[in-house]
Amino acid sequence: MATPIKRIEKDFLLKVLFDEQIPIMYLRDRTEYILILDKPAKSELVFRADRPISKLKPRGKLDLMFDYRGQVIIFSVEVNSVKDNIIVADAPDALYKNLDRSYSRVNTPADLQVQFTFLGDRYSLSFPKITEYEPGQMGELFRDLDPKNLSSLVEQMAAWIKNYANGYKLVIFKDVKPSATEERVVAETGKTLFLPSTLANFPQTDPYPKKRLITEEMFKRYLESTGVDLAYVNDACARFIKAKFDSGIFSDAWIPVLFQEYVVGYIHIWINKEGKLPFDYGIIDTLYQFAKVLAYSLKTNGYFEKGKLKNEPFEGKVIDISASGLLFTYPHSALAAALLPDSELAVKLFTSRRNINTTARIVRRYKDNSLGYFGCRFMDMAPEDMRFLFEYIYGKPLTDTDASFLSGQV
């Protein structure tokens, strides 16, 4: 993710821009403009462009970048005035480095049309919903299981669990709604409630790259959301764990069964007798994979069929685009609510000279009062399409020098 530059370094870089007359790049309508700071940076920045920038007006936005000793820096400014080649703009609030996109984004060319379609089936279900998307993929350990044989899958899972736990329960939220504290927090977060020992606390950190666990901080936030006063949250958390120990549970775990953005149920395991080792991350990993296979099996057996949506193409308004991705908006709606990080889309790019078919993954989303904003990264684009798209949006062929400068992987 792009890293904001601290104020002292930001002030230094703005000073260097003028002192060393470092060229600043602005890309618009497939044209590359070079700007130079004409005066030392103060509350306003005064740029001199190498030529007039068409259609640039006061209150317009400039997305700028420059290279300082091999580090690509980006920032945005709002224009106050334009006269000939002189542009006056407010000083930026922030500069950014360590960009996580592969190429610089530019305004969308006027003749570009973009069409999106969800990859795979989509559903509208009555299960608890989270703000993340869980791809329906099975781990390698379970490739030999028959997803159509749901009862056999459950039997195999139960047999495996008996090696590590004294008790086990599988719950699907079909006719029942989450009611116990553990059920509600798992359903709201889509993460695992894991207590290796009820003589200790919740995990302080989550070691998984894509977070899976309910940490102590997360559980305390949940308690606050239920009305527990902040002053009593620590005590409430301690009492919750102590009550488990007092009831004879020594190790406890509740693993969600996730299907796309829905929590369809959970697997609960526990130890309440001496002689078994506490649960560890290896057990959680295996049950997490079991839960994935279980969700896939439910889908294969038509469990979610009534909630399947018709998958039709839709058009979002593309705000900007690069050779590696794009940002588009879509009005708040059921469709927009389904556009979650890690969702994959089939994308068609229509230009007057060439059409491109590719896929894209949503990597970030945010919203304002009326629109959702979705940042996408292109995946598996054909090399010839990549070369065409680069020339189409930047107005020049792709060269090693350009790729080095425009690359965000710094």
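These are my notebook entries on a predicted model of one chain.

**Overall layout**

I began with the secondary structure and found 9 helices and 19 strands. I then took the extent of the C-alpha trace: about 80 × 50 × 40 Å along its principal axes. The chain has 410 residues, and 46% of them count as buried. I looked up the accessible surface next. The total is about 21,300 Å², with 51% belonging to carbon and sulfur atoms.

**Nonpolar cores**

Which residues touch the most other members of the largest nonpolar core? I got Leu193, Phe219 and Ile269, out of 53 residues in that core. I listed the elements that give two or more residues to this core: α2 (150-161), α3 (181-189), β13 (193-195), α4 (216-225), α5 (233-246), β14 (251-271) and α6 (281-300). The top contributor is β14, with 13 residues.

I followed up on Leu193. Leaving out residues up to four places away in sequence, I find that Leu193 touches Glu182, Val185, Val186, Phe202, Ile214, Phe219, Phe240, Asp252, Ala253 and Trp254.

**Charges and salt bridges**

I counted 55 positive and 53 negative charges, and their mean positions are 2 Å apart. My search of the whole structure turned up 22 salt bridges.

I looked at arginine 212 and aspartate 285, which meet in a salt bridge at 3.5 Å, N to O. What does this pair tie together? Arginine 212 sits in the loop between β13 and α4, and aspartate 285 in helix α6, so the bridge joins parts 73 residues apart in sequence. Arginine 212 is buried, at 18% relative accessible area. Aspartate 285 is partly exposed, at 30%.

I then turned to lysine 244 and aspartate 252. Their closest N and O atoms are 2.7 Å apart, in a salt bridge. Buried or exposed, lysine 244 and aspartate 252? Both are buried.

Arginine 51 pairs with aspartate 50, with the closest N and O atoms 3.6 Å apart. Arginine 51 is partly exposed, with a relative accessible area of 36%. Aspartate 50 is partly exposed too, at 43%.

My last entry is a network of salt bridges, which links Asp121, Glu305 and Lys308.

How values were computed
Residues are numbered from 1 along each chain as its sequence is written. This is a predicted model: local features need pLDDT of at least 70, side-chain atom pairs count only at pLDDT 80 or more; totals for chains, interfaces and linings use all residues. Side-chain values use heavy atoms; hydrogens and water are left out. Helices (H or I, at least four residues) and strands (E, at least two) are DSSP runs, numbered from the N terminus. Buried means under 20% relative accessible area, exposed over 50%, partly exposed in between (1.4 Å probe, protein chains only). Accessible areas come from the Shrake-Rupley method with a 1.4 Å probe; for residues, only the protein chains shown count as cover. Lys and Arg count as positive and Asp and Glu as negative; His and the chain ends are not counted. The place of a charge is taken as NZ of Lys, CZ of Arg, CG of Asp or CD of Glu. A nonpolar core is a set of buried Ala, Val, Leu, Ile, Met, Phe, Trp, Tyr and Cys residues joined through side-chain atoms within 4.5 Å. Contact means heavy atoms within 4.5 Å. A salt bridge is a side-chain nitrogen of Lys or Arg within 4 Å of a carboxyl oxygen of Asp or Glu.
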